[in-house]
Amino acid sequence: MKGLCSKIALIISISFVLMNSLFVEKGEAAYSSKWITTRQQVAAYEQVSGNPLAVGTLLPNQFYEVLKEDNGYYYISFGNGTAFVKKSSSLLVAKKVQKSLPTKAASNTNLSIITKSEAVVYNRIDKEQKGIAIIKGNIRYPVVRKSGDWYLINFAGQVGYIHKNKVTEDLGIPVLMYHHMVENPQETPFYNNSMVIKVAEFEKQMNYLKQNGWRTISLEELDAYLTRNQNLPGKVAVVTFDDNYLSTQKYAYPILKQNQQKAVVFVIGGKVKAQAQPWDPMTLQYMGHKEISETEGVFSFQHHTHGMHLREKDTQVPYLVSKTTAEIEADLVKGREYIGQALKDPSSIQYLAYPWGQYAPHTIEAAKAAGIRLAFTTETGNVRLGDDPYTLKRQGISPAHTMDDFIKKIEGTY
């Protein structure tokens, strides 16, 4: 009798577990989460470059899952990260959520879209569809899949659909690559050098970005986006300078500062002295610790190796390919500490540009061991979700590139 009772109890227990799992699959388990609803339209924001950016609008009588909250805000899942809405009398905690919540969509893929204008997110794609929310124009958003004329997305705990007419497919984020610049290259030894551009051309390009709504972002923001921890607008670019030339401070710095733009300088640690030599347009000079400290508000400084921006004399093979994993790691660690003297924070140096864009599998292994999170090549292209973080492409800018070329590069169509 005791054995029979035990078997009955086990059967009941298993049945309860199975019923509970079915309950979860139907979406009913979402009741245990906190959901909010709103009496009227409410703006949702995301932090971009340290400032709140309006990214969407919650619609009345819809339900949104709360991921977390603090004294002032509710946080909901939005795209690559979260959006926040201010707590107010317009927002209500839902005591009872609608009878059958939509099942959450599958994981996001590497496909993403950019909204051309305000785009309504619908709960379904038939005649009975209702708007869940509105996503602002010029917002990047990851996609689960495309279904006919619709893109399926995750939005605040449920499935949403956006029509293809409201968006364009994301062609990636441009990481622009510059080196040296002078006012009149034809009067210097750098005439016809593909890595040296006119100051006036650089200014024209930066002005174009500003006048056409492009934001310049940091590598920290790009990193967070690629690891799916941050949302970004559609029109964003990263401006980078290789080698840490003094012309970057003399010419690029005031232009970027005037435009309230930011850029990244990849530093050859072994070339950095206490301060730079007096400016001479006929030679290559490097910013020192003094200049690095003075320009940190506009520039962030990252790695271009310490003493491995070199090639083997006989074979011309770059050191980052010819040296051992241990040697490369030691160089990167040394450079990180040395460059960090000016920044007072060596741990901030987490990104690397390979000299001449060249690397080998063991180079990547060494970079990872040295604490590098992203590494950049010189291969042409924009950066997209799902790209290998240690072989990221850039858009090199040379004197041969016209303004039309520049526009195509930032738009990902070059």
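Which residue in S26 is the bridge partner of Met 177? In the predicted model, that partner is Gly 396. The pairing belongs to strand S17, which spans residues 175-178. S17 runs parallel to strand S26 (residues 392-396), and 2 bridges connect them. S17 also pairs with strand S21 (residues 236-242). That pairing is parallel too and comprises 4 bridges. Within it, Leu 176 faces Val 239 of S21 as its opposite residue. Strand S17 is covered on both faces. Val 175 and Met 177 lie on one side, Leu 176 and Tyr 178 on the other, and all of these residues are buried. This arrangement can be set beside a general rule.

The overall composition is as follows. The protein contains 9 helices and 26 strands. Of its 414 residues, 48% are buried. Among contacts with a separation of 6 or more, 65% involve residues 24 or more positions apart. The average pLDDT is 90, and 90% of the residues reach at least 70. Residues 4-32 stay under 50. For this segment the model has 15 contacts beyond four places in sequence.

A second sheet was examined strand by strand. The sheet is open and has 3 strands in the order S4-S1-S8, with antiparallel pairing. Strands S4 (64-65) and S8 (91-93) are at the edges. Each has a single partner strand, so one side of each lacks a neighbour in the sheet. Strand S1 (residues 35-38) is joined to S8 by 3 bridges, and the two run antiparallel. Thr 37 is placed opposite Leu 92 of S8.

Aromatic contacts were then counted. The model has 18 aromatic pairs. One of them joins Phe 78 and Tyr 141, with ring centres 5.1 Å apart and planes at 80°. An angle over 60 degrees counts as edge-to-face, so this pair is edge-to-face. Phe 78 belongs to strand S6 (residues 73-78), and Tyr 141 to strand S12 (residues 140-142). The pair therefore ties together parts that are 63 residues apart in sequence. Phe 78 is buried, at 1% relative accessible area. Tyr 141 is buried as well, with a relative accessible area of 1%.

Another pair links two helices. The ring centres of Tyr 208 and Phe 406 are 6.4 Å apart. Their planes stand at 90°, so this pair is edge-to-face. Tyr 208 is part of helix H2 (residues 199-211), whereas Phe 406 is part of helix H9 (residues 403-411). The parts tied together by this pair are 198 residues apart in sequence. Tyr 208 and Phe 406 are both buried.

Ring pairs also build a cluster. Its members are Tyr 178, Phe 202, Phe 241, Tyr 253, Phe 299 and Phe 301. Tyr 178 is one of the buried residues of strand S17.

Charges over rings were found at two lysines. Lys 323 has its charged end over the ring of Tyr 319, at 4.4 Å from the ring centre. Lys 409 is positioned over the face of Tyr 414, 4.1 Å from the centre of that ring.

Two individual residues were considered next. His 180 lies in strand S18 (residues 180-182). With a relative accessibility of 3%, His 180 is buried. Its side chain forms a polar contact of 2.7 Å with the side chain of Ser 247. Leaving aside residues up to four places away in sequence, His 180 touches Phe 190, Met 195, Val 196, Ile 197, Tyr 245, Ser 247, Trp 279, Thr 283 and Leu 284.

Ala 326 is located in helix H7 (residues 325-343). This alanine is exposed, with 55% relative accessible area. Ala 326 and Ala 370 are 44 residues apart along the chain, and their C-alpha atoms are separated by 9.9 Å.

Methods
Residues are numbered from 1 along each chain as its sequence is written. Side-chain values use heavy atoms; hydrogens and water are left out. Rings of Phe, Tyr and Trp (its six-membered ring) pair if their centres lie within 6.5 Å; planes under 30 degrees apart count as stacked, over 60 as edge-to-face and the rest as tilted. Buried means under 20% relative accessible area, exposed over 50%, partly exposed in between (1.4 Å probe, protein chains only). A charge sits over a ring if NZ of Lys or CZ of Arg is within 6 Å of the ring centre and within 35 degrees of the ring normal. pLDDT is the predictor's confidence in each residue, from 0 to 100. Contact means heavy atoms within 4.5 Å. Two strands pair if DSSP finds at least two bridges between them. A polar contact is a pair of N or O atoms within 3.5 Å; within protein, one must be able to donate a hydrogen and the other to accept it, and residues adjacent in sequence count only if both atoms are side-chain atoms.
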